[in-house]
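Some notes on the nonpolar core and the aromatic pairs follow. Please read them next to the structure.

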Amino acid sequence: MAGRPGYGPYRTRQVLAQPGAEAVLAEAVSLLVDEGAVVAYEVLNTLDGLGPAFLTKSLYLAGQALPDVEGPRPLILDSVLAGVLRRHATKVGRAVGYEWSEAIAKWIWRDSGWSSHRYDVYLRWMYAADERLAAASIDWPAAPDVLEPALFSAAWDPEQPYRRVLTF
């Protein structure tokens, strides 16, 4: 979760040392409960040094600790998952005849710097994919936060959505 050895604690200290960081974190958690993950993402994204991967991991953990949150529970989005979505979007675009799909997919699912809108798109896609898997009668556990590590580890491929790779 912390990337390079020692970088996580250093980054955490830098983020928390910013004036107002505690208030931003508190506001994000409050907004997660009242308005949802996308609004909380937008607020957390104002902290310098808090990249989207660490930001979404923080939101995910907060969402797990809270009994209720508005809208879909937060999920983790990092460069590995963006790469999976980039490859998938490119392949789907080409399959329907859009030769420019790779350039668009590279822009939309770049490795970092995602807006709250992009995080919203990601959450919607993950929840929709999870619903389709659950409806496919393949013993999918119907949990979007299980889909995230399946995509991350390449245990599930969106190009072969009904091939069972994981054992639950």
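1. Nonpolar core. In this predicted model, the largest nonpolar core holds 37 residues. Leu44, Leu59, Tyr119 and Tyr122 have the most contacts inside this core. Six helices each give at least two residues to the core: α2 (21-34), α3 (37-44), α4 (52-65), α5 (79-95), α7 (116-135) and α8 (144-152). The largest share, six residues, comes from α7.

2. Leucine 44. Which residues does leucine 44 touch, leaving out those up to four places away in sequence? They are Val24, Leu25, Ala28, Leu50, Leu55 and Leu59. Leu59 is also among the core residues with the most contacts.

3. Stacked tyrosines. The count of aromatic pairs comes to three. One of them joins tyrosine 41 and tyrosine 119. Their centres are 4.8 Å apart, with 15 degrees between the planes, and the pair is stacked. Tyrosine 41 sits in helix α3 and tyrosine 119 in helix α7, 78 residues apart, so the pair links distant parts of the chain. Tyrosine 41 counts as buried because its relative accessibility is 0%, under the 20% limit. Tyrosine 119 is buried too, also with a relative accessible area of 0%.

4. Ring cluster. Ring pairs join Tyr41, Tyr119 and Tyr122 into a cluster.

5. Tilted pair. Tyrosine 98 and tryptophan 100 have ring centres 4.8 Å apart. Their planes are at 35 degrees, so this pair is tilted. Tyrosine 98 is partly exposed, because its relative accessible area is 42%.

6. Charge over a ring. Arginine 118 lies over the face of tryptophan 109. The distance from the ring centre is 5.7 Å.

Methods. Residues numbered from 1 in each chain as written. Predicted model: local features only at pLDDT ≥ 70, side-chain atom pairs only at ≥ 80, totals over all residues. Heavy atoms only, no water. Core = buried A, V, L, I, M, F, W, Y, C linked by side-chain atoms within 4.5 Å. Buried < 20%, exposed > 50% of the residue type's maximum accessible area, 1.4 Å probe, protein only. Helix = DSSP H or I, 4+ residues; strand = E, 2+ residues; numbered from the N terminus. Contact = heavy atoms within 4.5 Å. Phe/Tyr/Trp six-rings, centres within 6.5 Å; stacked < 30°, edge-to-face > 60°. Lys NZ or Arg CZ within 6 Å of the ring centre and 35° of its normal.
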